[in-house]
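Please keep the sequence and the structure in view while going through the numbered points.

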Amino acid sequence: MIVADVLLWFLVITGTYLIFISYWLASRALFEGFVENCRQRIETHPVRQAVLGLTIALPTILLGLALLNGPNPAMKLLGATVILALILAGLIGSTGLAAQVGAGLPSPRDLSQPWRRVLRGGAVLGLTFVFPILGWFVILPLALLMGIGAAWRSVRKTVPVPVNHWVPAGN
């Protein structure tokens, strides 16, 4: 293995790691109540969320693959959209898992900056994905399945969050 190969894999893994954390932080910022509801569901019933995610993901992936293999380009686009929407739901829902991991690593700054729980938990959770075989084929899919299950259950009921009034800097 030459240096270019090592650099390639280092950058692919680092980029993927940063993308996961970015999606988790963006989800926390945009859907605060939804993410909190996902976190509570994962905290209380993690196995139930994973099983529900599996029962939703398998038929959805099969449908998406069937549409992708069709001759019609519009159906291929629809199939890709179905699979990407499922992955996006898993990422948004797994923000609750990252928040739960971060809640287990408390910090005094959490009261003033609650997004730091997701950053800390996401950093730890994302690093578990890097571990060969176990991280790639067990922990990562399990986290996404938990996210899909928690997101599915949280669509109907979202925890209300207090409104933070944005004040421009310097005022």
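How many salt bridges does a search of the whole structure find? The points below take up this question after an outline of the chain.

1. Overall architecture. The model under review is a predicted one. Its protein chain contains 6 helices and 0 strands, and the pattern read along the sequence is α-α-α-α-α-α. The C-alpha trace spans about 55 × 50 × 35 Å along its principal axes.

2. Salt bridges. The search of the whole structure finds 5 salt bridges. One of the pairs to inspect is arginine 39 with glutamate 36, whose closest N and O atoms are 2.8 Å apart. Both residues belong to helix H2 (residues 32–44), and because they are 3 residues apart there, about one helical turn separates them.

3. Describing helix packing. Two packed helices are described by two quantities, the angle between their axes and the distance between those axes. The next two points apply this description.

4. Helix H4 with helix H6. The axes of H4 (residues 73–103) and H6 (residues 134–154) come within 6 Å and cross at roughly 90°. H4 is therefore roughly perpendicular to H6. On the H4 side, the contact involves Leu86, Ala89, Gly90, Leu91, Gly93, Ser94 and Leu97; on the H6 side, it involves Ala143, Leu144, Met146, Gly147, Ile148 and Ala151. Sorted by class, the contact of H4 with H6 has 9 nonpolar, 4 polar and no charged residues.

5. Helix H4 with helix H5. Here the axes lie 7 Å apart, and the helices pack at an angle of about 100°. An angle of 65 to 115 degrees counts as roughly perpendicular, so H4 and H5 are roughly perpendicular to each other. H4 contributes Thr95, Leu97, Ala98, Ala99, Val101, Gly102 and Ala103 to the contact, while H5 contributes Arg117, Val118, Arg120, Gly121, Gly122, Val124 and Leu125. By class, the contact of H4 with H5 has 8 nonpolar, 4 polar and 2 charged residues.

6. A nonpolar surface patch. Which residues make the nonpolar surface patch of about 780 Å²? They are Met1, Val6, Leu8, Trp9, Val12, Ile13, Leu127 and Val130. Helix H1 (3–30) and helix H5 (115–130) are the elements that give two or more residues to this patch. H1 gives the most, with 5 residues. Leucine 127, one of the patch residues, is found in helix H5.

Note on methods: Residues are numbered from 1 along each chain as its sequence is written. This is a predicted model: local features need pLDDT of at least 70, side-chain atom pairs count only at pLDDT 80 or more; totals for chains, interfaces and linings use all residues. Side-chain values use heavy atoms; hydrogens and water are left out. Axes are lines fitted to C-alpha atoms, for helices over the stretch in contact, and angles run from 0 to 180 degrees between N-to-C directions. Helices (H or I, at least four residues) and strands (E, at least two) are DSSP runs, numbered from the N terminus. Angles under 35 degrees count as roughly parallel, over 145 as roughly antiparallel, 65 to 115 as roughly perpendicular and the rest as oblique. Contact means heavy atoms within 4.5 Å. Ala, Val, Leu, Ile, Met, Phe, Trp, Tyr, Cys and Pro count as nonpolar, Asp, Glu, Lys and Arg as charged, and the others, Gly among them, as polar. Patches are made of residues with over 30% relative accessible area and no salt bridge: like charges are joined within 9 Å, nonpolar side chains (Val, Leu, Ile, Met, Phe, Trp, Tyr) within 5 Å. Accessible areas come from the Shrake-Rupley method with a 1.4 Å probe; for residues, only the protein chains shown count as cover. A salt bridge is a side-chain nitrogen of Lys or Arg within 4 Å of a carboxyl oxygen of Asp or Glu.
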